[in-house]
Amino acid sequence: MAVSSFLVPLGTPAPDFALPSVAGPEVKLADVSAPALLVVFLSNHCPYVRHVESAFGAFAAEYADKGLATIAISSNDVENYPDDDVPGLAGQVERAGFTFPYLVDTSQEVAKAYGAACTPDFFLYDGQRRLVYRGAFDEARPKNDVPVTGDLLRAAADAVLRGEAVPEPHVPSLGCGIKWRPGNEPEPVSFV
């Protein structure tokens with residue numbers, strides 16, 4: 001069943017993290033010094049992620065040259081979803097051409113801290129690491145005929161890199177719900 005992202009309040013600071021990467025080394029939020037930061041929650045098995053992953057990989061590489069650092073995080077329960085364990089994620093990195101760090105959140109605490117709900121789920125931060133966009137890559141979905149362009153995230157990234165506000169409304173992302181370990185589900189979130 002598809003799940004929409006939560007609309008975490010704009011201006012929310014990026015929660016801190018220190019997580020191992022699929023490649024091995026730990027990555028910390030404090031390690032990122034780019035003018036803008038995109039944190040995206042992904043998984044390997046989700047058809048919504050697979051639908052956009054190659055275009056997203058190309059987007060991240062293009063925007064790295066413009067000052068946008070990208071960090072992907074997988075928070076899914078790998079016991080019940082083994083395709084989302086490190087070997088599957090490493091295969092996804094190759095298949096999709098990812099050039100950014102792909103981190104593993106085995107405790108699922110980072111996903112909870114960010115208010116992540118689905119994969120893919122995009123969180124764009126400015127240079128002060130304040131949330132300026134949360135929403136979709138574009139409006140393409142596995143079963144619609146909308147082309148995968150990344151136009152929504154591209155417009156948001158362009159605005160933040162120019163030092164401008166990202167116009168609202170933001171279209172929530174839609175994807176597979178994060179696969180929480182039994183008993184680890186977050187409390188219902190209300191952002192009012």
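This is a predicted model: local features need pLDDT of at least 70, side-chain atom pairs count only at pLDDT 80 or more; totals for chains, interfaces and linings use all residues.
Which helix holds both Glu109 and Lys112, and how many residues apart are they? Both lie in helix α3, which covers residues 109-114. They sit three residues apart, about one turn of the helix.

In it, Glu109 and Lys112 form a salt bridge. Their closest N and O atoms are 3.6 Å apart. Glu109 is partly exposed, at 42% relative accessibility. Lys112 is partly exposed too, with a relative accessible area of 28%.

Other salt bridges share partners. Glu62, Lys66 and Arg154 are joined in this way into one network. In total, the structure holds six salt bridges.

## Pairs between helices

Some salt bridges link two helices. Take Arg95 and Glu53: their closest N and O atoms are 2.6 Å apart. Arg95 belongs to helix α2 and Glu53 to helix α1, so this pair ties together parts that are 42 residues apart in sequence. The partners have unlike surroundings. Glu53 is buried, with a relative accessible area of 5%. Arg95 is partly exposed, at 37%.

Next come Arg154 and Glu62. Their side chains meet in a salt bridge, at 3.0 Å from N to O. Arg154 is in helix α4 and Glu62 is in helix α1, so the pair ties together parts 92 residues apart in sequence. Arg154 counts as partly exposed, at 24% relative accessibility. Glu62 is partly exposed as well, with a relative accessible area of 34%.

## How α1 meets α2

Two packed helices are described by the angle between their axes and the distance between the axes. Here, the axes of α1 and α2 come within 9 Å. They cross at roughly 55°. That angle makes α1 oblique to α2.

Which residues meet at this contact? From α1 come Val49, Arg50, Glu53, Ser54 and Gly57. From α2 come Gln92, Arg95 and Ala96. By class, the contact has two nonpolar, three polar and three charged residues. Glu53 and Arg95 are on this list, and they are also salt-bridge partners.

## The nonpolar cores

The largest nonpolar core has 32 residues. Those with the most contacts inside it are Leu38, Leu42, Phe56, Phe59, Leu68, Leu124 and Leu153. The helices α1 (47-64), α2 (86-96) and α4 (151-161) each supply at least two residues. So do several strands, among them β4 (36-41), β5 (68-74) and β8 (121-125). Which element gives the largest share? It is α1, with six residues.

Phe59 shows how the parts come together. Leaving out residues up to four places away in sequence, Phe59 touches Leu38, Leu68, Phe137, Leu153, Arg154 and Ala157. A second, separate core has 24 residues, including Val8, Tyr114, Ile178 and Trp180.

## A loop residue and its contacts

Now look at Ala34. Where is this residue found? Ala34 is in the loop between β3 (26-28) and β4. Its C-alpha atom is separated from that of Gly67 by 5.7 Å. Along the chain, Ala34 and Gly67 are 33 residues apart.

Setting aside neighbours within four places in sequence, Ala34 is in contact with Gly67, Ala69 and Arg129.

Technical notes: Residues are numbered from 1 along each chain as its sequence is written. Side-chain values use heavy atoms; hydrogens and water are left out. A nonpolar core is a set of buried Ala, Val, Leu, Ile, Met, Phe, Trp, Tyr and Cys residues joined through side-chain atoms within 4.5 Å. Buried means under 20% relative accessible area, exposed over 50%, partly exposed in between (1.4 Å probe, protein chains only). Helices (H or I, at least four residues) and strands (E, at least two) are DSSP runs, numbered from the N terminus. Contact means heavy atoms within 4.5 Å. Axes are lines fitted to C-alpha atoms, for helices over the stretch in contact, and angles run from 0 to 180 degrees between N-to-C directions. Angles under 35 degrees count as roughly parallel, over 145 as roughly antiparallel, 65 to 115 as roughly perpendicular and the rest as oblique. Ala, Val, Leu, Ile, Met, Phe, Trp, Tyr, Cys and Pro count as nonpolar, Asp, Glu, Lys and Arg as charged, and the others, Gly among them, as polar. A salt bridge is a side-chain nitrogen of Lys or Arg within 4 Å of a carboxyl oxygen of Asp or Glu.
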